[in-house]
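My notes follow in the order in which I took them.

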Amino acid sequence: MALTEKDVRHVEELAHLELTEDEVKKFVPQLDSILQYMQKLNELDTSQVEPMAQVTYPARENPALRADEPRPMFRQDEALASAPESDAGCFKVPRVIEKE
Amino acid sequence: MDLTALSISEIRQRLAARKISVEELVRAHFERIAARDGEVRAYLHLSPERALEQARKIDAVVAAGGALPPLAGVPVAVKDVILTRGLRNTCASKILENYVAPYDATAVERLEAAGACILGKTNCDEFAMGSSTENSGFFATHNPHDLTRVPGGSSGGSGAAVAAQMATVALGSDTGGSIRQPAAFCDVVGMMGTYGRVSRYGLVAFASSLDHIGPFGRSVRDVALVLRTIAGRDPRDSTSADVPVPDYEAALDRDVRGLKVGVPREYFAGLNPQIGGNIQAGIDLLGKLGCKIETLSLPHTDYAIGCYYIICTAEASSNLARYDGVRYGFRSPQFDGLRDMYKKTRDRGFGAEVKRRIMLGTYVLSSGYYDAYYLKAQKVRALIARDFVQAFEQVDVIVTPTSPIPPFRLGERVDDPLQMYLADIYTVTASLAGIPGISVPCGRTKGEPRLPVGMQILAKHFDEARLLQVAHAFEKAGGLQVA
């Protein structure tokens with residue numbers, strides 16, 4: 001099942017991108033050929049295989065957890081230092097809730 | 001004496017004997033960069049103040065007769081996806097063009113605590129996505145051995161910097177081969193440890209289950225010394241392994257006689273004749289050193305690229321969602337509302353390859369496709385990992401070519417993304433399995449021009465010492481000039 005321009009436009013929305021007509025025209029065949037290639041995985045019977053969601057190797061007790069104690073992190077001014085726009089200790093963005 | 005040709009041990013000896021100062025060494029490297037980087041273009045930005053401040057600190061320690069830290073005075077280049085506090089960190093992307101890192105990556109902290117001097121940040125493919133450094137949002141890096149050719153990627157800048165003596169060692173990142181392949185292309189040593197061997201804290205995430213930080217060097221010993229410094233449990237990275245770090249340097253000179261070397265037939269079928277001879281010569285040399293060579297099978301090799309590109313793009317689409325113009329980085333100057341701000345920011349800020357991968361990743365995770373692609377890929381990943389577990393029950397290390405092709409010309413392969421992906425075939429498998437791998441130089445191709453060829457050695461989880469031992473024996477026996 002070949003990838004269509006409609007599919008690409010749908011994914012574009014999900015990914016918060018805004019492609020030009022030219023980009024879409026270029027991407028459709030490229031993405032299609034890559035996705036077709038990925039179909040190869042269907043040659044394998046994986047019905048008895050557990051998905052490998054973790055790569056880490058457990059050691060002794062779970063080392064990933066620690067006591068829930070606050071630790072020094074960024075100061076507010078450090079966190080805001082790279083913000084395109086900020087004010088009153090907050091990141092400034094366009095209105096989030098749009099009136100219908 | 002050419003200060004930029006020195007190894008870590010040579011630097012140490014000369015510092016201890018007060019033959020050179022760190023300041024001289026660092027200045028010599030900046031001079032070298034000024035002389036060569038105009039054509040190689042390995043560096044994105046330099047950090048002379050930071051390097052010289054560190055140099056003076058170490059020189060003061062020497063003057064006071066204090067003990068030299070393990071990497072005292074060593075000039076290091078750091079790939080621009082690894083955060084260095086107070087320095088710009090662009091990930092070679094316009095979307096982070098003016099972003100300044102608010103903290104140091106653990107690997108960088110450890111290097112500086114060991115006395116190393118950070119010279120600057122190196123070029124790479126944008127967000128580490130690519131195999132040639134041509135996807136950098138700024139400019140391409142050129143292979144120091146042939147300026148018309150690519151240095152490999154995505155850590156091409158780091159590989160080139162070390163090859164051209166513009167740094168003694170460098171840090172890169174490897175997700176599907178991004179340290180090993182540029183090491184092969186640039187004729188240097190590059191290593192990726194076991195997943196979790198080196199903390200990823202401060203590495204800008206591309207694919208979180210596949211990313212690694214690792215070293216480049218001009219010798220196996222230098223790579224071993226850097227790995228020893230940066231490896232180890234880090235509470236700030238919950239995937240970093242709680243496994244002790246052995247003395248990799250001490251392991252180097254162990255005898256390799258009797259070790260079993262596996263040669264997987266799937267990696268040699270249809271092998272490019274330009275490099276096949278080199279790898280065979282490399283294997284023959286290991287045989288002469290007393291290793292037992294055995295053919296074996298890694299039956300799911302053919303599915304690795306499909307598996308890798310589903311998983312890494314899926315993870316990337318999630319990791320790169322944060323570049324939205326809200327908290328840091330580029331924000332589009334014009335927009336009509338919040339969603340439009342996201343879309344224009346990302347569209348203008350990201351290059352084509354990054355967009356392609358975000359699109360692929362979003363697609364394979366989207367409703368209706370998740371099971372068919374992402375879940376399927378995770379199962380295939382388990383099969384690929386199992387191939388290696390079974391292989392390492394038979395052999396101690398596995399030897400393969402690093403890349404199916406020698407360094408290609410700039411611009412030669414930009415039009416066909418799938419072809420570019422297929423060239424990762426020998427390196428993605430280790431990333432999927434989480435095992436360590438190293439690429440060592442293995443001579444040059446025959447005919448003109450004579451291009452670098454790399455040989456990859458793989459070992460089982462946390463067996464980096466074994467990997468380094470075999471690589472070092474190979475290097476000592478003249479392996480780097482074989483063929």
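**Helix 10 of chain B**

I checked burial along helix 10 of chain B and found this helix mostly covered, with 14 of its 16 residues buried. The model is a predicted one. I then looked up the extent of helix 10 of chain B, which runs over residues 304-319. From first C-alpha to last, helix 10 reaches 22 Å, close to the 22 Å expected at 1.5 Å a residue.

**Contact between chains A and B**

I looked up how many residues each chain puts into the contact: 43 come from chain A and 57 from chain B. On the side of chain A that touches chain B, helix 1 (5-14) and helix 2 are the elements that give two or more residues. Helix 2 of chain A gives the most to that side, with seven residues. By class, I noted 29 nonpolar, six polar and eight charged residues on the side of chain A that touches chain B.

**Helix 2 of chain A against helix 12 of chain B**

I noted the crossing of helix 2 of chain A with helix 12 of chain B as right-handed.

I listed the residues that make this contact: A:Phe27, A:Gln30, A:Leu31 and A:Ile34 from helix 2 of chain A, with B:Arg356, B:Met359 and B:Leu360 from helix 12 of chain B. By class, five residues in this helix contact are nonpolar, one is polar and one is charged.

How values were computed
Residues numbered from 1 in each chain as written. Chains lettered and ligands numbered in written order. Predicted model: local features only at pLDDT ≥ 70, side-chain atom pairs only at ≥ 80, totals over all residues. Left-handed = near helix turned anticlockwise from the far one by under 90°. Helix = DSSP H or I, 4+ residues; strand = E, 2+ residues; numbered from the N terminus. Contact = placed C-beta atoms within 7 Å. Nonpolar A, V, L, I, M, F, W, Y, C, P; charged D, E, K, R; others polar. Expected span 1.5 Å × (residues − 1). Buried ≥ 20, exposed ≤ 12 C-beta atoms within 10 Å, placed from the backbone.
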